[in-house]
Amino acid sequence: MRVRSGRAARGRAPVAATSEQVVSGHEAEAPVGGRWLTLGKDGRLTAYARHRNGLLRWTETRPGGPRWTGPDLIEVPDLTHLSVAQGADSYVHFVGRRSVQKGDGPPVVDLVHAIQYQTGRPFSPWRSVGNPYKEKERAVKVGPPVIAISPSGAAHIFVRNAGGGITMRREDKNGKWVGWKDLKGSRAQESMVVSAAGSGGMELFVPGSGQAMRWIQAEEDGPFEQVQSIPVQIAPGGAAALETAPGRHTYYWTDPSGNGVVAHRPGTWVIPLGGTPAEGPVTVLHAMLDGYDCTVLAHRDLDGQVMLAACGTENEGAGLWWSPTGERTAATPALALDAHGRVVLGMIGADGALYIARQNREPGLAMAPAERIH
């Protein structure tokens with residue numbers, strides 16, 4: 001699969017900050033967790049990033065771009081972490097970990113949830129969904145939340161609990177939150193990934209100590225059952241997942257022994273994909289390239305440069321080649337398809353601005369140079 005970056009091919013300089021670019025006060029600190037570049041029902045893309053006072057949002061002015069509005073600041077005080085997920089209905093859900101210091105002793109920690117129902121429109125109110133623990137000393141040990149949306153639209157929130165296992169809370173069919181459920185597990189890393197199947201059901205993949213723990217939801221909005229763990233080593237920083245066939249999920253992570261990014265489908269061998277990834281998850285996307293069903297991957301290398309590759313879906317074993325984009329970022333890049341089915345690469349630059357590179361009309365995965373959005 002041919003992969004080429006317009007910026008790398010043209011020899012232009014990587015993203016860098018200038019004094020004129022850092023005066024607005026609306027500079028992003030980092031992307032949010034999850035797929036932070038989303039396509040709305042109206043065909044417009046939206047990008048989200050963390051800000052010291054809450055959340056920044058950029059929105060395409062029309063389907064396919066290239067112009068954007070923003071960044072708009074959505075104030076959400078006292079957040080330590082924020083994660084995003086989009087449902088089949090195109091609603092975008094957010095869950096944050098909020099920590100508020102009140103006098104002496106441990107801070108008060110809870111999780112908050114909000115929804116954006118339409119592209120560019122205001123969010124719902126940020127409502128607390130509580131904490132698995134009532135005692136402050138244990139509540140403060142709850143890790144960063146991860147959110148996933150079932151095909152029915154029910155939000156599921158997962159956190160690493162005080163004992164090193166996983167605890168979940170989800171909505172019922174009426175949109176009301178049911179009680180916290182301890183899924184067990186032990187020595188879980190804070191990073192985890194949830195993959196929702198289009199036909200219903202989810203898989204939860206949690207890196208642990210010398211293994212990856214897995215939970216499977218056999219039916220839509222049903223209970224999660226822990227299944228046999230996979231004896232693998234996963235570098236700190238998280239994993240990624242993609243439904244690569246109906247009901248079948250492929251997982252991607254960084255191998256700490258030096259094989260770069262690897263791919264794995266439970267029940268098969270681990271497939272080395274090469275590269276020299278920095279800490280943080282690889283980003284993956286389903287796309288049609290030259291009429292072929294493909295998987296597009298992006299990660300940061302050890303110098304912070306964004307590397308791009310593509311392969312036939314579930315054909316990673318045939319090999320792929322990482323192509324430098326010429327762009328650098330300190331945070332995980334994003335991938336999405338725009339209204340015309342073109343691959344779009346999103347990055348947060350060193351100046352805290354959003355940068356967007358879009359697939360051009362050449363064969364393969366040829367990307368135009370990235371443009372700074374405001």
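Modeller: The model is a predicted one. Its chain holds two helices and 32 strands as secondary structure.

Colleague: How compact is the chain for its 374 residues?

Modeller: For 374 residues the globule rule gives 21 Å, and the radius of gyration of the chain is close to that value. The chain is therefore as compact as a globular protein of that length, with a radius of gyration of 20 Å.

Colleague: What share of the residues in the chain is buried?

Modeller: Buried here means under 20% relative accessible area. By that criterion, the buried share of the 374 residues is 54%.

Colleague: In which order do the four strands of the open sheet that includes β16 lie?

Modeller: The pairing in this open sheet is antiparallel. Its edge strands, each pairing on one side only, are β16 and β19 (224-230). From one strand to the next the twist averages 20°. The order is β16-β17-β18-β19.

Colleague: Which residue of β17 is the bridge partner of Val194?

Modeller: Strand β16 (residues 193-196) pairs with strand β17 (residues 202-207) in the antiparallel sense, over four bridges. The two strands form a hairpin with five residues between them, and Gly200 in the turn has a positive phi of about 115°. The bridge partner of Val194 in β17 is Leu204.

Colleague: Which residue of β18 is the bridge partner of Glu203?

Modeller: Five bridges join β17 to strand β18 (residues 212-217), again in the antiparallel sense. In β18, the partner of Glu203 is Ile216.

Note on methods: Residues numbered from 1 in each chain as written. Predicted model: local features only at pLDDT ≥ 70, side-chain atom pairs only at ≥ 80, totals over all residues. Heavy atoms only, no water. Pairing = 2+ DSSP bridges. Axes fitted to C-alpha atoms, helices over the stretch in contact; angles between N-to-C directions. Rg over C-alpha atoms; globule rule 2.2 N^0.38 Å. Buried < 20%, exposed > 50% of the residue type's maximum accessible area, 1.4 Å probe, protein only.
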